[in-house]
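Let's take a friendly walk through this model together. Keep the viewer open and follow along as we go.

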Amino acid sequence: MPIELIKDYPEFKKLVFARFREIAVPLTEQTRKKSADNIQWSSSCEEAFGKLKEALLTDPVLRAPDLDREFTVFTDASNSGLGAVLCQSDDCGDLHPVAYLSKKLQKEERHLSTCEKEGLAILSAAKMMPLLGPSVLVALLKLSTALDPALDMAWEGWKGLHGKAYLEASHRAVWEENLRMIEQHNWEASLGKHTYWLGMNHFGDLTNEEFNQMYGFLPDEVEPTMGNVSFFHESATERVPRNVDWREKGYVTRVKNQGKCGSCWAFSATRALESFHFKKHRNLVSFSEQNLLDCSQKQGKNGCKGGC
């Protein structure tokens, strides 16, 4: 069930309704008036409204969808509402609507940016058009999000910095969404709403779902046997500071990246050993996680497939 990249709703109206722009002139002129008090419903408005209504209600209003044909989705959003139409072409190449929706924006939604309103229109279309499967809806949402041309240089710079190369627009759309989230958070941090700041990194083109799928925790398939173990218990009498920044004291090596290897146990182990080594010898050495991965099979560790 292929889906064509979403097009503008006004373009749909021109394709489906012959002479739409010409017929709608009296109505379009009314929408340009600054106040509702200035709107005058003339006979020409009534005639234009009647023609458009007839075109909308002429049988068949909606055609039965064919899941073997390509779908085309048109969306549009304004300051007060949004709309979408799902279409398919017939054997002659003429587009026909098979589903539609319209939605009035809530008060809090009217403050969204133009790009965010367009995205909301696409998301609303996806929710109200059950003909499309969930995976297709996600791809549809990513592909159709309007891209901001003002970010072209930043996008190319980010790709060059991290060695990224894409043909799909979906990565750009996700990257822009993450960038807006970062900017929003940092703006709120400047107002004192957060105690930390965010920055763009090489994961900027991934959704949360994609990141968790690629880099998330992989639980053991078999519950490990703990054997004889001892646990650390906090002293009830020892007075310790509320917080310590061990980086300033020289105990911490550089940030390491385990990539897609499910080996957090190895990284946490080497971090602890590096700190103990520094405390005793006053020499900070970066230990090898790979060595632990290669030499711990007999102890029940599964390399990059997780540990205990």
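**Strands, cores and a surface patch**

The protein has 11 helices and four strands, where helices (H or I, at least four residues) and strands (E, at least two) are DSSP runs numbered from the N terminus. This is a predicted model, in which local features need pLDDT of at least 70 and side-chain atom pairs count only at pLDDT 80 or more, while totals for chains, interfaces and linings use all residues. Residues are numbered from 1 along each chain as its sequence is written, and side-chain values use heavy atoms, with hydrogens and water left out.

Let's begin with the overall numbers. Of the 308 residues, 30% count as buried; buried means under 20% relative accessible area, exposed over 50%, and partly exposed in between, using a 1.4 Å probe and protein chains only. The protein exposes about 21,800 Å², and carbon and sulfur atoms supply 54% of that area (Shrake-Rupley method, 1.4 Å probe, with only the protein chains shown counting as cover for residues).

Now find β3, residues 81-89. Eight of its nine residues are buried. On one side of the pairing, seven bridges join β3 to β2 (residues 71-77), and the two run antiparallel; strands pair if DSSP finds at least two bridges between them. A hairpin links β2 to β3 through three residues, and D76 has G83 as its bridge partner in β3.

β3 also runs antiparallel to β4 (residues 95-104), joined by nine bridges. Here V85 is partnered with Y100, and Q88 stands opposite H96. Five residues lie between β3 and β4 in their hairpin, and in the turn G93 has a positive phi of about 90°.

What makes up the largest nonpolar core? Its eight residues are A77, L82, A84, L101, L105, L120, A121 and A125. A nonpolar core is a set of buried Ala, Val, Leu, Ile, Met, Phe, Trp, Tyr and Cys residues joined through side-chain atoms within 4.5 Å. β3 and α5 (114-128) each supply at least two residues of this core, and α5 gives the largest share, three residues. Apart from this core lies another, of seven residues, including F20, I23, A48 and L52.

Finally, turn to the surface. M181, Y196 and L198 form a nonpolar patch with about 290 Å² of accessible area together. Y196 sits in the loop between α8 (169-190) and α9 (208-215), and Y196 is partly exposed, with a relative accessible area of 48%.

How values were computed. Patch = residues over 30% accessible without salt bridge, like charges linked within 9 Å, V, L, I, M, F, W, Y side chains within 5 Å. Salt bridge = Lys/Arg side-chain N within 4 Å of Asp/Glu carboxyl O.
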